[in-house]
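Try each task first, then read the solution.

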Amino acid sequence: MSPESAAAAVVHVLDNPVWAALTGPHGGFTETGPAGLAARYVEDASPFAALADPQDPRAWADLAALAGPDAPVWVTGLLRPPEGWTTVATIPGVQLDGTAVRAQAAPEAVRLGTADVPEMLELVELTRPGPFLTRTVELGTYLGIREGGRLVAMAGERMRPPGWSEISAVCTHPDHRGRGLAARLIRAVAAAIRSRGERPFLHAAADNEGAIALYESMGFTHRRRPDFLGLRTPAPRP
């Protein structure tokens with residue numbers, strides 16, 4: 001199956017959002033396998049990789065060639081790695097559609113950029129919202145709320161498949177929770193997404209009931225239950 005026919009076989013871009021992003025709006029952050037059937041984000045932007053067709057053994061072979069032998073790889077979706085791959089971690093997740101969410105700018109929010117990355121990494125280390133690396137801020141709009149000059153909450157964009165953008169890195173310092181900061185930032189990021197004519201979506205760990213309840217209260221609806229898989233490529237044969 002060619003890359004074109006494999007992509008066409010996907011029912012919806014959100015069924016394979018990393019591939020759709022890497023072969024679309026995030027093409028400038030892409031490293032592609034030698035056969036063009038697998039891709040991954042550049043180092044320090046995102047840990048995720050993707051396959052044109054997860055059912056195609058050639059795509060898995062292409063991803064192994066791209067990553068190298070016995071190398072770590074993160075993928076998402078309803079995937080079953082072929083023989084020789086090692087599953088290191090499985091995180092059940094939920095994918096939520098934000099089409100119905102009310103978007104609203106937050107006057108107190110400030111745009112975050114590369115100069116803010118050290119503070120952003122500190123907040124991520126404290127709150128553990130998910131992968132955030134030194135170049136993740138380049139993937140989209142990141143907004144934060146500061147108090148006394150200190151970054152106390154943030155949210156931004158990660159995967160950007162055509163027509164959609166994933167709200168990610170939603171986190172609030174423990175000393176400032178319960179004040180609605182996360183909800184205000186989510187609506188503000190959604191407003192930035194809508195301003196481009198796109199729709200927001202997001203992912204959450206399936207056991208993060210508090211976060212899911214917040215998202216549902218804002219109008220996010222369940223779409224899918226993908227897994228986030230930490231894998232290792234096949235080791236070299238002795």
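The model is predicted: local features need pLDDT of at least 70, side-chain atom pairs count only at pLDDT 80 or more, and totals for chains, interfaces and linings use all residues. Residues are numbered from 1 along each chain as its sequence is written, and side-chain values use heavy atoms, with hydrogens and water left out.

**Exercise 1. Find the order of the strands in the open sheet of 3 strands, and find the helix that lies across them.**

Step 1. Helices (H or I, at least four residues) and strands (E, at least two) are DSSP runs, numbered from the N terminus. Two strands pair if DSSP finds at least two bridges between them.

Step 2. The order is 1-2-3, and the pairing is antiparallel. Strand 1 (30–32) and strand 3 (49–51) are the edges, each pairing on one side only. From one strand to the next, the twist averages 25°.

Step 3. Look at the pairing of strand 1 with strand 2 (residues 38–41): it is antiparallel and has 3 bridges. Thr32 is found opposite Ala39 of strand 2.

**Exercise 2. Find the salt bridge partners of Asp15, Glu31 and Glu138.**

Step 1. Side chains of opposite charge can pair when their charged atoms come close. Here a salt bridge is a side-chain nitrogen of Lys or Arg within 4 Å of a carboxyl oxygen of Asp or Glu. The whole structure has 15 of them.

Step 2. Asp15 meets Arg224, at 3.3 Å from N to O. Asp15 sits in the loop between helix 1 (3–9) and helix 2 (17–22) and Arg224 in strand 11 (residues 221–224), so this pair ties together parts 209 residues apart in sequence. Asp15 and Arg224 are both buried, where buried means under 20% relative accessible area, exposed over 50%, and partly exposed in between (1.4 Å probe, protein chains only).

Step 3. Glu31 pairs with Arg40, with the closest N and O atoms 2.8 Å apart. Glu31 is partly exposed at 30%, and Arg40 is partly exposed at 26%.

Step 4. Glu138 pairs with Arg135, with 2.9 Å between the closest N and O atoms. Glu138 is partly exposed at 36%, and Arg135 is partly exposed at 31%. A network of salt bridges with shared partners also joins Glu157, Arg160, Arg196 and Glu198.

**Exercise 3. Work out what the buried residues of helix 4 pack against, and whether His173 is buried or exposed.**

Step 1. In helix 4 (residues 117–127), the buried residues include Val117, Met120, Leu123, Val124 and Thr127. They cover an arc of only 120° around the axis, so they are on the same side of helix 4; the arc is that of the directions from the helix axis to the C-beta atoms.

Step 2. The buried residues of helix 4 pack against strand 7 (142–147), strand 8 (150–157) and strand 9.

Step 3. His173 belongs to the loop between strand 9 (164–172) and helix 5 (181–195). Its relative accessibility is 8%, so His173 counts as buried.

Step 4. Beyond its neighbours within four places in sequence, His173 is in contact (heavy atoms within 4.5 Å) with Leu123, Leu126, Thr127, Arg150 and Val152.

Definitions and conventions
Axes are lines fitted to C-alpha atoms, for helices over the stretch in contact, and angles run from 0 to 180 degrees between N-to-C directions.
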